[in-house]
Amino acid sequence: MARRWITVDGNEATASVAHRTNEVIAIYPITPSSNMGEFADEWSAKGRRNIWGIVPEVIEMQSEGGASGAVHGALQAGALATTFTASQGLLLMIPNLYKIAGELTSYAMHVSARTLATHALSIFGDHSDVMACRQTGVALLCSGSVQEAHDLALVAQAATLRARVPFLHFFDGFRTSHEVSKIEELADDDLHDMIPDELVAAHRARALSPDRPVIRGTAQNPDAFFQAREACNQFYDVCPDIVQETFDRFAARVGRQYHLFDYVGHPQAERVVVMMGSGAEAAHETVIRLVAEGQKVGLIKVRLYRPFSIAAFAASLPPTVRSIAVLDRTKEPGAVGEPLYVDVVSALVEARVAGLVAPAFAPLVIGGRYGLSSKEFTPAQVNAVLDELSASRPKPHFTVGIMDDVTHLSLKVDPSFEIESTARGLVRAVFFGLGSDGTVGANKNSIKIIGEETDNFAQGYFVYDSKKAGAITISHLRFGPKPIQSSYLVQRASFVACHQYEFMDKYDVLGYAEPGAVFLLNAPFSPEQVWDELSSEVQEQIIEKRVKFYVIDGYSVARDAGMGTRINTIMQTCFFAISGVLPKDEAIRKIKEAIKKTYGKRGEQVVQANYAAVDQALAHLHEVPVPARVSAGRRMPPVVSDDAPDFVKRVTAVMMANKGDLLPVSAFPVDGTWPSGTTKWEKRNIAAEIPQWDESICIQCNKCALVCPHAAIRAKVYPSDTLEGSPSTFKSMDFKGNEFKGQKYTIQVAPEDCTGCTLCVMVCPAKDKSNPKHKSLDMVPQRPLRESEAANYEFFLNLPEVDRTAIKSDIKGTQFLQPLFEYSGACAGCGETPYIKLVTQLFGDRTMIANATGCSSIYGANLPTTPYTVNCEGRGPAWSNSLFEDNAEFGLGLRLAVDKHADQARDLVKRLAGGGVIGDALASGLLAADQTSEAGIQAQRARVVELKKAIAGRTDNDATRLQQLADYLVVKSVWIVGGDGWAYDIGYGGLDHVLSTGRNVNVLVLDTEVYSNTGGQQSKATPMGAAAKFATAGKATQKKDLALMAMAYGNVYVAHVAFGAKDAQTVRAIVDAESYPGASIVIAYSHCIAHGYDLAFGLEQQKLAVDSGHWPLFRFDPRRNSLGENPLVLESGAAKIDLRKYVRNESRYSMVEQATPERFKELLDAAQEGNRQRFAMYETLAAKRETTK
Amino acid sequence: MDLSTTYLGLKLKHPLMPGASPLADDLGSVRRLEDAGASAIVLRSLFEEQITRERLADEMHVRAHEHAFAEALTYLPSPDEFVFGPDRYLEQVRRIKEMVGVPVIASLNGTTPLGWTSYAAEMQAAGADALELNFYHVATEERESGADVERRLLETVRLVKTSVSIPVAVKLSPFFSSLPNLAHRLDEVGADGLVLFNRFYQPDIEPDTLETVPRLALSTSSDLLLRLRWLAILSGRVRASLAATGGVHTGIDALKAIMAGADAVQIVAALLEHGPGYLAIVLSDLERWLDAHEYASLRQAQGSMNLMRSPDPQAFERGNYMRILQSWPASPLSS
């Protein structure tokens, strides 16, 4: 069978082999490996068969621990089974890896290696996860590129069946897992040839079967365990040879030859680098270049790291080597050195003893760390490492790629060293785009066109933002006649495109351009105007680098072509027209073919609109004449305002400008502790339109402020005399109502923080009676209002905050409270953040938050800026994220500590009162304080101040301890926040336990009914009939009733809320939950982009969810028992509308209906019946009178 | 009794068929319609807007979130699983065609001569025996004249006619200044039939919330009168065959339509109210009446009461207006 050339990413390349060579695939989503599981699931859903003609069973588990358990079972029962994972997920599999290895089980799993969370979480790549498995007994096989990941996935599967040692095949997360590259696809015949049926049969013969029963998993005593453990040695001894034989057989068939240790470089090399993974590709390129320049240098790429073959390693080293630098992509604090370094040192000693090298062969070995969390690893760094080996006294331990100005371990890197700009025929292109403008999708399409329809090789790597709304993407593309090994970002681009004009004032876009580069800018200006709009920095670069400058008004072209705001096709056309990567006409023809392929199914009209966009793009693309001199009258604006704190200016702003790589070690906190409230300095200006307030028709309901996901529209009531000095456009009206009679009222928009989601406008009930189209809030273009509204907002923020003791805990009242969670990176229109914001408004100044990993931890704490902030007294939420799986337990721990501190403080108050140090009145006030109201809390805070004064200056032990603990006399509110993936699945065991303890914690489950952060995989909260990843055909089982499970305890406060359906009930439930002195759980409906509709209608959908019976509203308050009342109060009725009315608006449902209408009907009928039965049961529970009292 | 008729050049065993409606969405109900004797099956319309909106919605609310965030390159299962409205529609045409023995008439609803008309050819390829083109247009533009609207209609029909070889019927609204003139020009561009009339779903106003709400009121027999008048006026004057739709609830209603000149009679509201089986009752009532009144065939009655043959042609013209006005009892207030 002929092999095809395909352009795929590393995950797809790996999954392609894994899916074709396995029968059972148990998975769990985790970045960056999720896509491997998704591919496998999708293929099985489409009925794609493996090489034995079987459609593999793909099952999603509740955690990686569950996935590895399922795989272990499947293997024991004789199936070929696999899984995909990374990072913490791999850690959860370690217990089973020991078992699987101990039982000598043939098994190949695939890991996109990712950083382990330490001082911070990172989704990016390094080897810290796989290195944590090196003691388990699995073989560790490493790939450095997309092609290798494809090839070695097969080698791992083939070798494990022969060797019986299980294989962990890994490659670098993101750099390889997400790099799109042109590779040669292995045919089914290749796979079959490498995996002989007799080896599969032998694996089956070892399986557990009642027809020939054996016992595995015994418990052994001191008499037996040790010897039995040593009994596996021979298998490890021969494993490297088996792998080499497998490599050789692979080479004989396919032509690509691998070795356990692949040597590249000068045959008489004196300086050698040893490393593994994608970095070795950059090193490979560099070494080849340096050898060509006459340097005696070399590289050893480690393929099989475990079992480590000393003989093969020794044989791979040229005898001329004098010094070796071993590079580890991991950090092992406190160790002699990182693992690969330590192994190389010992291997050399042992090789000498064993006579594998000359007795005098004793090269100097130094070890360095590089590339943690996908830090760029470049030819310049490789050169620096090799240079270090030439130094008279090389650093024995070093880092490369950062500037360590604290422990001075880092090597100096010459930034001018690069090798790509002289590579013949290599086109290098960099594109700046918005996540939503389709730039990355179009670039992937271009790579496919070039990769699959020409002889050129192609590579694409994409850098994404941490923000979910208004996110920037930077695409790095290379095209050329030879295979592309450059495993690092484009540094000197021959083509630079900026698809968003605003970026020109935020980022150093042209920093990527090489002299003579082509630059394409999408800007709303004519070729005559555009030059004058640029800053002097940009003009300088264009002139200095002799850049050929093109401009197009892409958004106008898109609008005229009926493409809305999607400029992807237009910008892609321009790229092909001026980059010279293909002859222009040929390229345009290919784009049109691609359009026909992509959109053909959707009708001729769509195809024609795209064709028109292509033609119009060419007609509106203009070269800009570049003047000889800089004429701009302005510089790029500062990244943050001058008022920002020093740390923000020094550190945060550098990261915001995309230059965080330049920050030295000394800039960073040593333990992952960061200041709160930094999003306020990042004025993102991402909304094209913002709401404008018409006070003349406002009814002062404050609903706009409640629903705003970003705290970008706020309400304030304030004394009229504070209006003095207000900006001329600042709007104000008399407060309606008695609470604040005589005071003024304002609704104010934060124009530069608003994301333009329109939820506030959608919820606004105040219509102009003679023109109902006009409401008290209308969307208007942001640009003309930016400066004036920014000044108004500034003034608004400085108006006095409301007296918290005068506020009622209803919708209107709560929205006068300052949100202490603002301008997060959540999606525009996010359905989760309004709940979190409300919690911070009500209790933020005394709240501790334990946050499960997921969307809420990413928009809650992904650098550079974080949204949790402080009030004018400096108080605000204290927030932390432990892990995904342990969040409930982590939150309970916070509670236990806070309670212990409070207990001790109370004891000390009693003791010191007894000793006369504190007056009795103060002591009894402190101890008996009623803190159930805002007034009570403020009174207690005043007492604590008094207490601290009373014991100030005292040096006795009790007083000193009380001084530290006194603040705990003010009640603290502990919130445990996470999504449904955490609460229903991976963290459920812990959540259940925490609820059972009855301790005073408040759990907020932000239920989007899928794993949102990792891309919409099903959870047990996914409703029946909805499509999600791993439930492509629509989930066939009912949503788990987490509320009912919690209610079963009887003493847990439980609420089921949807703020878009009944906001008053949401507010009530959150207040109740907090006031309940035991465990509380609030399960909150959260609309989400993963539901597939315009989130402007999120609130409408929430109403429909409730009215259709999908999402009943209720509160279960055990306190009502003591009043002789039923604890359960239903707050929504039986279904008023057909479930279809709700689901038909969401793509997650409609795609199931469209694909399989009959099945969908069955699922939806069953879901509707399930909803009916659930409601009937709730009604019964709510009707039951408490008779036991 | 010979009830046969020819509609759009198709020989039908009788004129009664379900009109474009959700009745044909469900294969079970299609089977019941055929069992009840329907002479053809007309499918619900595929809307121009549906074709463009689905694609836009997918582009704006699903695709726009893709490839924007490192942890989630997509948020829903692979979109090539996504079956768009037109494809579903074509599939339904195919399945109905496989299931029933009577002609299948597909329906397209749109008002612009743009790309969506290419679906006409696909409907033919999917097995449709004829096409009903529903020109459902509500004039809201002050710049567009009545003549402009008619030009657009004619252009759309011409375009569809060039892309298919099956017969094409045009479903019209009653709001044209001169239907006979328009009908004549539709004849010229090759329309094979005229379906009188489509019904505009009228928005209602909700005073409490200042919102407009859609109201769906099914037709009653009184809606038939408007159709009778125009069938009678056009009958015998146009080459295209004529169908009545709207207001046929009984055998007598059907008979009246036939007498006014209808070659085919479509029923929707009555079938939605009483179920697909009701078609058989209307049919047997019609047949019984013809029998009782000793008609030799249905053709004998066809067009017997049209403008040309009616003993009282003024009734369909302006004179009728005057007569009715004068016969209306004065309201109690003015007395």
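## A three-stranded sheet in chain A

In chain A of this predicted model, 3 strands make up an open sheet in the order β25-β27-β26, with antiparallel pairing. Strands here are DSSP runs of E with at least two residues, helices are runs of H or I with at least four, and both are numbered from the N terminus. Two strands count as paired if DSSP finds at least two bridges between them. β25 (713-718) and β26 (733-734) of chain A stand at the edges with a single partner strand each, so one side of each has no neighbour in the sheet.

Let's look at one of the pairings. β26(A) runs antiparallel to β27 (residues 744-749) of chain A, over 2 bridges. Asp734(A) has Lys744(A) of β27(A) as its bridge partner. Helix α25 (residues 786-798) of chain A packs on the sheet and touches β25 and β27 of chain A, its direction making about 130° with that of β27(A). Contact means that C-beta atoms, placed from the backbone, lie within 7 Å. Axes are lines fitted to C-alpha atoms, for helices over the stretch in contact, and angles between N-to-C directions run from 0 to 180 degrees.

## A pair of crossing helices

Elsewhere in chain A, the axes of α3 (residues 64-76) and α4 (residues 87-102) come within 7 Å and cross at roughly 25°. That makes α3(A) roughly parallel to α4(A), a label for angles under 35 degrees. Residues in the contact include Gly65(A), Ser68(A) and His72(A) of α3(A), together with Leu92(A), Met93(A) and Asn96(A) of α4(A).

## A mostly covered helix

Which residues of α37(A) are buried? They are Gly1098(A), Leu1099(A), Gln1101(A), Gln1102(A), Leu1104(A), Ala1105(A) and Val1106(A). That is 7 of the 10 residues in this helix (residues 1098-1107); buried means that 20 or more other C-beta atoms, placed from the backbone, lie within 10 Å of a residue's own.

These buried residues pack against α23 (703-707), α24 (759-763), β38 (1080-1085) and α39 (1139-1143) of chain A. After α37(A) comes Gly1109(A), with a positive phi near 85°.

## Chain B in brief

Chain B has 12 helices and 12 strands. Of its 335 residues, 44% are buried.

## Reading the numbers

Residues are numbered from 1 along each chain as its sequence is written, while chains are lettered from A and ligands numbered from 1 in the order written. In this predicted model, local features need pLDDT of at least 70 and side-chain atom pairs count only at pLDDT 80 or more, whereas totals for chains, interfaces and linings use all residues.

Definitions and conventions: Two residues are in contact if their C-beta atoms, placed from the backbone, lie within 7 Å. A residue is buried if 20 or more other C-beta atoms lie within 10 Å of its own, exposed if 12 or fewer, and partly exposed in between; C-beta atoms are placed from the backbone. Angles under 35 degrees count as roughly parallel, over 145 as roughly antiparallel, 65 to 115 as roughly perpendicular and the rest as oblique.
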